Amino acid sequence: MINRYPLWKNILVAVVMVAGLVVALPNLFGEDPALQVTFEKSGKIDAASAEEVQRSIQSAGIGQSGLYYDKGRVVATFPTVEVQLRAGDRLREALGKGYVVALALEPRTPRWLAALGLKPVSLGLDLRGGVHFLFQVDMDAALNQRLDRYAADFSRILRDNRIRRNVRLDGRTVRVELADAADADKAFELIKAADPNLDLRREAAAEGVVILARMTEQQIRERQNFAIEQNTVTLRNRVNELGVSEPVVQRQGIDRILVQLPGVQDPAQAERVLGATATLEFRLVCDGENAFDAQQKGRAPMGCELYKERSGAPVLLRRRTIVTGDQLVDASQTFDQGMPAVSVRLDAKGGREMLETTKANLNKPMAVVFVEQKRERVERDGQVIEVPREEKEVINVATIRGVFSSQFQITGLDITEARDLALLLRAGALAAPIYKVEERTIGPSLGQDNIDKGITATVFGGLLVICFMAIYYKGFGLIADIGLLSNLVLLIALLSLLPTALSLPGIAGIVLTMGMAVDANVLIYERIREELRNGNSPQASIHAGFEKAFAAIADSNVTTLFAGLVLFAFGTGPIKGFAVVLCLGIGTTMFTAVVVSRAIINAIFGGRRLERLPV
Amino acid sequence: MEFFRKKTNIDFMGKSTLTTVLSLVMFSLSIGSFMVRGLNLGIDFTGGVLVEVSFPQAADLTAVRSQLQGLGFGEAQVQNIGSARDVLIRLPPREQADSGRLGQEIIAGLQKASPGVSLRRIEFVGPQVGKDLTQGGILAMVVCLVIIGIYIMIRFQWKFAIGAIVGVIHDPIITLGVFSEFGIPFDLSVIAAVLAITGYSLNDTIVIFDRMRENLRRARGVGSVPEIMNRSINDTLSRTLMTHFTTSLVVVSLLVFGGETLRSFSIALMIGILICTYSSIYCAGSTALYLKLTAADFAPVKKEKGEIDALP
């Protein structure tokens with residue numbers, strides 16, 4: 001029979017629509033600004049401790065509107081973002097060490113919906129507020145660090161084997177200068193044993209023999225990959241220390257890392273913690289040398305290096321470091337006799353070194369050096385380039401009073417420095433310096449504004465189209481309108497299922513989809529009108545209209561899909577969001593305009609004698 | 001309701017000389033404006049710092065300027081955005097260390113001077129990122145054109161493909177021409193809009209081509225090609241206008257309610273829709289005509305083996 005859908009097709013349409021409605025439903029309830037509390041170590045919290053935390057939240061009087069324990073975390077919701085941010089600071093103070101208090105958005109989804117695993121569309125930073133950073137990893141610095149390490153290793157190995165040598169860096173080559181061929185033979189074997197993969201060459205020099213060591217292409221690639229992977233891990237740790245729910249930390253391209261912190265309102269603090277390269281070194285003081293002399297001469301005695309204390313006074317330290325920052329395994333901020341301090345713990349190797357050094361150097365002074373990577377712009381060959389610069393500062397010189405190994409305290413910092421340093425040491429050092437190449441911070445008021453504007457534009461645009469279709473195509477127009485609304489529901493349902501965040505351009509994509517979605521209906525209805533004008537029967541016209549318009553609908557949608565896919569492939573951030581909506585919209589449009597509208601038309605008009613059609 | 005009660009019979013192809021000249025003039029003007037004025041590129045492409053703040057009352061721009069001067073940002077552009085309380089501050093890229101911190105410094109400085117100031121947004125784009133985004137944008141356009149060209153070639157015929165690509169280049173270039181002539185801020189979202197227009201404009205052209213293909217096949221030598229093309233454009237005219245009308249409705253809604261962030265994006269869509277309405281009716285078909293499109297291009301291919309074998 002003409003214009004009847006088989007039962008299975010009608011059931012399919014009904015099932016898809018009901019599922020779409022249910023999945024899209026959570027979006028009606030909205031979200032509350034919230035704080036979530038978990039344990040720092042496990043990232044979760046058990047029921048017993050949760051009760052305790054809930055009690056302290058209640059007694060802290062931070063103005064929460066809801067408080068509950070859910071999936072291993074304590075959640076407190078707030079009426080506004082301002083209250084939430086204030087409460088966050090108070091709560092961190094009240095709970096103290098060991099807890100992470102993170103900013104979050106909690107859906108107001110009813111329990112039964114949440115139990116089905118359904119949630120509203122996740123909102124992009126431009127809609128909910130937050131900070132977006134793009135960091136560039138300094139690959140040259142990553143390589144230079146490795147080369148420095150090689151130079152130091154070779155020097156140590158050769159010294160241990162009593163070979164006279166002079167090791168220095170020449171660009172990306174480590175030059176080992178040796179007195180004669182016999183030494184060179186021995187040195188060559190030792191260096192080869194240390195790292196068999198290095199590209200080693202011997203050359204005769206004016207005095208003696210030189211061994212040139214280079215990293216192979218593969219080693220360079222591995223080192224760079226390591227640097228970026230390591231940095232991603234470190235940044236992730238630091239983000240966790242900052243307390244943000246649903247952060248994004250991901251590698252982008254060859255040498256960039258993207259960090260998104262929803263809800264964070266203080267970009268300066270976030271950047272200070274994320275981008276910091278601060279670490280510590282422990283060195284012995286060069287005893288019995290005059291630092292002021294060295295400063296005047298501008299030259300340090302053998303085996304020593306000139307540093308400055310915070311007061312500006314010069315101090316001479318041994319070249320050899322006892323322990324460096326990457327050997328620190330834990331750190332926390334405490335107080336030592338009322339002074340802010342950082343309590344640190346070393347790994348086994350570091351602890352051993354420290355034990356031996358303190359045993360051998362009792363009652364001698366040792367210095368703690370604060371090392372920070374900074375970048376500055378300099379002009380070189382007429383071009384302005386950024387170069388990394390290492391800033392070292394002695395924060396504390398103290399006499400070794402007793403033997404200690406893996407656990408001790410450092411003083412000499414103010415409270416903010418001590419807290420930041422402890423956090424940094426805990427999260428691990430960056431394998432290579434990073435610097436910010438892009439920042440987008442959206443305040444909470446702008447986020448809300450953007451949501452409101454997006455919704456207004458959607459509602460208004462949608463209503464205009466709906467009214468127009470109803471006027472222009474009468475009954476069939478109303479059916480197109482039902483198709484349009486189903487389209488909106490399905491699109492929102494798909495977006496709720498996907499992890500992609502919805503941004504303002506994404507909303508624009510929804511609005512645009514609504515405008516373009518009726519195109520398919522228009523194509524079909526115009527065809528039906530044409531068939532009717534040609535004197536065909538209403539049933540035959542419906543049938544032919546759908547049949548003939550389909551090729552045009554498919555072709556035209558495929559080209560828009562191409563544009564969307566290209567946008568998705570090349571776009572970043574919000575543009576990608578727009579592309580996702582555009583592509584999904586094409587899929588839902590094809591379904592609603594062709595299948596859903598047809599099902600309705602068949603149900604109403606199909607299989608009976610008609611004099612005329614309301615089209 | 002119907003726009004056209006009777007079948008329209010407008011001679012579109014007869015005016016093809018006129019429209020070709022018109023298109024060429026608009027095209028050259030756009031390219032000219034592009035070369036002389038250039039686009040008013042946003043910080044996405046140039047790099048730089050942009051800060052938006054909100055004051056509790058209407059903002060005193062002169063005071064803000066002098067505060068910024070005091071902070072060492074004499075070169076900053078200050079303007080209202082959206083309402084009298086919201087202020088947009090733009091800094092050109094600086095050849096200095098740590099230009100990424102400038103936005104945060106501005107906020108801190110302004111908040112010290114007038115404590116009620118709240119941060120709306122900070123955007124900082126380093127010069128290298130700007131370069132990458134520009135290259136990415138251009139690459140996206142090119143890839144998009146190539147893919148679409150190949151698709152039409154497979155689906156239709158090379159003369160149509162060229163016609164469609166001419167239309168597809170025509171529309172964004174004129175859109176960009178309007179952007180440069182009127183100095184409308186060009187940001188990353190405009191590229192998205194232009195690509196969306198590319199897809200949309202094609203969508204239209206294809207519906208018309210689809211009808212031409214159908215009519216050419218059915219005609220079998222009755223009527224000249226321009227007549228059949230006219231017939232096809234007239235057949236689809238009411239659909240073309242309808243669809244552009246409904247899309248314009250939503251774009252106007254975006255333009256009016258979407259706010260500052262979507263302004264350039266909506267303008268690009270609006271201009272693009274107007275131009276592609278014109279180009280899909282006039283340009284694409286004319287180009288195919290200039291390439292001597294004939295009904296034979298669409299004659300069903302006869303696959304009689306003997307005939308082909310008999311050919312020398």
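**Exercise 1. Find where confidence in chain B of this predicted model is highest and where it is lowest.**

Step 1. Start with the chain as a whole: the mean pLDDT of chain B is 82, and 90% of its residues score at least 70.

Step 2. Go to the elements. Helix 1 of chain B (residues 16–36) has the highest mean pLDDT, 90, while helix 10 of chain B (residues 305–310) has the lowest, 43.

Step 3. Look at the stretch of residues 301–312 of chain B. Here pLDDT stays under 50, and the model has one contact beyond four places in sequence for these residues.

Step 4. For the complex, the predictor reports a pTM of 0.79 and an ipTM of 0.85.

**Exercise 2. Describe the side of chain A that touches chain B: which elements supply it, and what kinds of residues does it hold?**

Step 1. Count the residues on each side: chain A puts 59 residues into the contact and chain B puts in 58.

Step 2. List the elements of chain A that supply at least two residues each. They are helix 9 (267–275), strand 17 (365–380), strand 20 (434–442), helix 13 (444–497), helix 14 (504–533), helix 15 (538–570) and helix 16 (573–605).

Step 3. Pick out the main contributor: helix 13 of chain A gives the most, with 14 residues.

Step 4. Sort the residues of this side of chain A by type: 35 are nonpolar, twelve polar and twelve charged.

**Exercise 3. Determine in which sense strand 20 of chain A pairs with strand 5 of chain B.**

Step 1. Strand 5 of chain B covers residues 118–125, and its pairing with strand 20 of chain A is antiparallel, over five bridges.

Step 2. Take one residue as an example: A:T441 has B:I122, in strand 5 of chain B, as its bridge partner.

Key. Residues are numbered from 1 along each chain as its sequence is written. Chains are lettered from A and ligands numbered from 1 in the order in which they are written. This is a predicted model: local features need pLDDT of at least 70, side-chain atom pairs count only at pLDDT 80 or more; totals for chains, interfaces and linings use all residues. pLDDT is the predictor's confidence in each residue, from 0 to 100. Helices (H or I, at least four residues) and strands (E, at least two) are DSSP runs, numbered from the N terminus. Two residues are in contact if their C-beta atoms, placed from the backbone, lie within 7 Å. Ala, Val, Leu, Ile, Met, Phe, Trp, Tyr, Cys and Pro count as nonpolar, Asp, Glu, Lys and Arg as charged, and the others, Gly among them, as polar. Two strands pair if DSSP finds at least two bridges between them.
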